[in-house]
Amino acid sequence: MSCFHSTPYAVNFIWIRSGWGSTGEWRFPNDVACKHVTNSDVSITTDDTSCNGRSYYACNSGYKQVAGNTQRTCGFGGILSGYPLVCSVSTCKIDIVLIVEASAYTSSIHSALMAAIGDLAGSLQISTSNILAGVIIYDDTVDLNIDLDDYYSASTLDSSITSIPISNAASAVNLAEALRVGFYDFFTLSKGNRFTAFRHFVVIAKTYSSQTGATVADQIRMNLRNQLFTVGISPSASLITDLKAIAGDDSRHFEVSSPDDLYTKFNNIFQKIAVCPDIIIEPMTVECELDIVFIVERYNLRYTKRFLAELMDNITISSTGIKVGMVLFDSGASTVFRLNSHTSSESVRDDIEKISETNHTDHLVDKGLIEARDNVFTAARGDRTDASNYYVIIVGPFESYPEAVAKDIRSSGSNYIFSIHIGNQYQTEYQKAVDTCGDYTKYTNVDSYENLINIKNDILQKITTCESVNITIPESGTNNTRAEDEQSPFLVPILSGGAVLIVVIIFAIILGKRRHLCQQQVNRSVYEEHRAPIPNKSEDHYTELDLTEAHQYIELDSVQADISTVTGQFASKSDNQYTEPHTIKQQLEIDRARLTPDHPYTALDTIQNTQTTNIPSGMQ
C-alpha cells in the first residue's frame, strides 16, 4: 500500500474473504479519492485528491481568510488534513466569546471538549485586523478565562483553551448569568474589544438551565453588532428550545453528539460564526448641535455603564454635531469627563467602561444637576452657545428633591432636562424635574436596572431630537434677554392713555386663560412645597420656604408676572429666586427686540413700565 499514514497500524488479526463479487478479486477499503469541502466564497487553485495529494484553496476576490486552511493533504480514509477554508468580506472585524459549560454534566468530556474547541479556535485568523477570541466557562458560577487581548497567535490561543481546567463541576448551571458576564463584563475596550467589530456570542452547552438565557439574549440582540450562536451537545428537548431562543434563528443553532463531532461540523459552524453578518450599520447623524451631559447615580453601575456604552455605538461625537460629558452623583457630585474631553464615540465609551463599579447610599440628584450646570456646561469646558444643553438624569428608585434646581436650570437658556428613572417609587419627583406643567415626554420609566437596555432605542430617539435654541441678545439699557427660535406672532398696536392699558390687560387675560390649568398646577406645587416636611439633610440645597400667603404667589408664571408690573397686585422681592419673569416677559422683550428702534410698537416699553399710580382709579 503506497498511501502514507503517520500512525502505524496495530494488527491483531486479518480477516480475508475470497471470492468477493462476481469476479472474486481481492478488495480492501479505498483510502484515497478525498472530497473537497468548499462554498461559493472559495476557489480551488490546485486540485489533487489522490493519496498524499495536496490541494490548494483561495478566497474569491473581495473576501479574506477568516478560518481553515489554504492547503490540505489527502490522507488515509479519504480525509483531508486541516479544516475547510472559510472566507468573509474583507471589511469586517469579528470579536468572538466562547461561552462553554463546565459542570458536573460535562466533567467526563471536559478535556476532549476543550481540546476540540482549542483546535477549532486555533484555525481562526487571529490578529488585531481580523478575528480575536476569548473564553468564558460556567456552571453555577461564571469564570472569565481568556480576554480578547490575551492572545494574538492562533497556536497559543489553541494551547491556552485546551489547558483550561474544570473548576467547580457543580451540578447547577446558570446560563443566563454566563450571558450577562459576556454582555456586561467581557466586551469592553480595555479587554480588547474593538469599537467597530461585530461581537459574536457562541454558547456551547449540554445541560438545561432553569436560569434560561433567552431574555438576556433578546437584550443583547438589540444592538445589531451583537450576534448569537449556540451549540448543543446531546441536548435535551428543553435545552434545544432555550438554545434556539438564544440564537434567535434556527440556522444559528447546531447540535453534536460528542466533542469529536465539532470537527466534522467545522465548516457549517464557522461559515456562520466567523463571517461578517449581512448587516449595514450606518452612524446616526443629527441636524443640529447638541451638548449632552449624562448625570448618573453611582449605583448599579454595571447596568448603567453598559447602557451608556451601547448608546455610544449609535451616537457620533463631533465638534459640529453631538458632544458628550458625564457627571456622577451620590452625597455629592463629580465630573467624569467634560464636553471637550473627547472627540470620538470610542473614547467616550472607553471612559464610561473604566468607571469603578462602587455603590453609595446617598442619591442627591440636585447635586448632580448643579455640578453639570456649573462645571460642565461652561464655555471653558466645551459648552457651545449655539447648541441646546441636554441634562440627562439616570436615577434609581430613591427619594430626592431635584425639582427646584431643575426649574432654575430650565428657566434660562437652551436647557432641557431628561429623566431616566428606574423603579416605581417617587415618579412625581422626577416627572417635575423635566416639566412642572404636565409635559412629561422627556421622562422615561423602567422597572429595573437590568431592563435599562430595553429602552435604549427610545432614549436614543429622545436625546437626539433637536429642540429650539435660545440665543442671548444684548440690549442697551436692559438686562440681556433670551430669544427663542419659535416665537408668538402677537404684536401690541400703538395706542395711548387708557386705551393702551385696556389692550395690555386684554392681551394678558387671553394668554392667562391659555395657561390657566398650568398655573393652577404651579400654585398647587408651590403650596405643597411650603407645607411639605423639610428633609432632615444638612446640605445647603434644602432651604425651608417662607410660609406666608404672599409667598404662594411669588413663583408666578409669565402672564401674572407681567400683570403685576401694571396693576401692582403682587409685590416682588429682588432677592427671591423665583421673582425672575419667565416666558411671556421674554416673549414681549423679544418682540420688541425684533422691531426697529423707531417702530411705533416700541411704545410697549412705556406700557410695561407704567406704575400703579398711573392706573385709572376705577381699575385699582
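Q: Which residue is the bridge partner of V42 in β2?
A: In this predicted model, V42 is bridged to C59 of β2.

Q: How many bridges join β1 to β2, and do the strands run parallel or antiparallel?
A: Four bridges join them, and the two strands run antiparallel. Strand β2 covers residues 54-59.

Q: What order do the strands of that sheet come in?
A: The order is β1-β2-β4-β5, in an open sheet of four strands with antiparallel pairing.

Q: And which strands stand at the edges?
A: β1 (42-46) and β5 (79-80). Each has a single partner strand, so one side of each has no neighbour in the sheet.

Q: Back to C59. What does it form with C87?
A: A disulfide, with the sulfur atoms 2.0 Å apart. The link is left-handed, with -85 degrees about the S-S bond.

Q: Where do C59 and C87 sit in the chain?
A: C59 is in strand β2 and C87 is in strand β6 (residues 86-89).

Q: How many disulfides does the structure hold?
A: Four.

Q: New topic, helices. At what angle do α10 and α11 pack?
A: About 25 degrees, with the axes 8 Å apart. That makes α10 roughly parallel to α11, because angles under 35 degrees count as roughly parallel.

Q: Is their crossing left-handed or right-handed?
A: The crossing of α10 and α11 is left-handed.

Q: Which residues make the contact?
A: D366, L369, I370 and R373 from α10, and V405, A406, D408 and I409 from α11. By class, the contact has five nonpolar, three charged and no polar residues.

How values were computed:
Residues are numbered from 1 along each chain as its sequence is written. This is a predicted model: local features need pLDDT of at least 70, side-chain atom pairs count only at pLDDT 80 or more; totals for chains, interfaces and linings use all residues. Side-chain values use heavy atoms; hydrogens and water are left out. Two strands pair if DSSP finds at least two bridges between them. Axes are lines fitted to C-alpha atoms, for helices over the stretch in contact, and angles run from 0 to 180 degrees between N-to-C directions. Angles under 35 degrees count as roughly parallel, over 145 as roughly antiparallel, 65 to 115 as roughly perpendicular and the rest as oblique. A crossing is left-handed if the near helix is turned anticlockwise from the far one by less than a right angle, and right-handed if clockwise. Contact means heavy atoms within 4.5 Å. Ala, Val, Leu, Ile, Met, Phe, Trp, Tyr, Cys and Pro count as nonpolar, Asp, Glu, Lys and Arg as charged, and the others, Gly among them, as polar. A disulfide is a pair of cysteine sulfur atoms within 2.5 Å.
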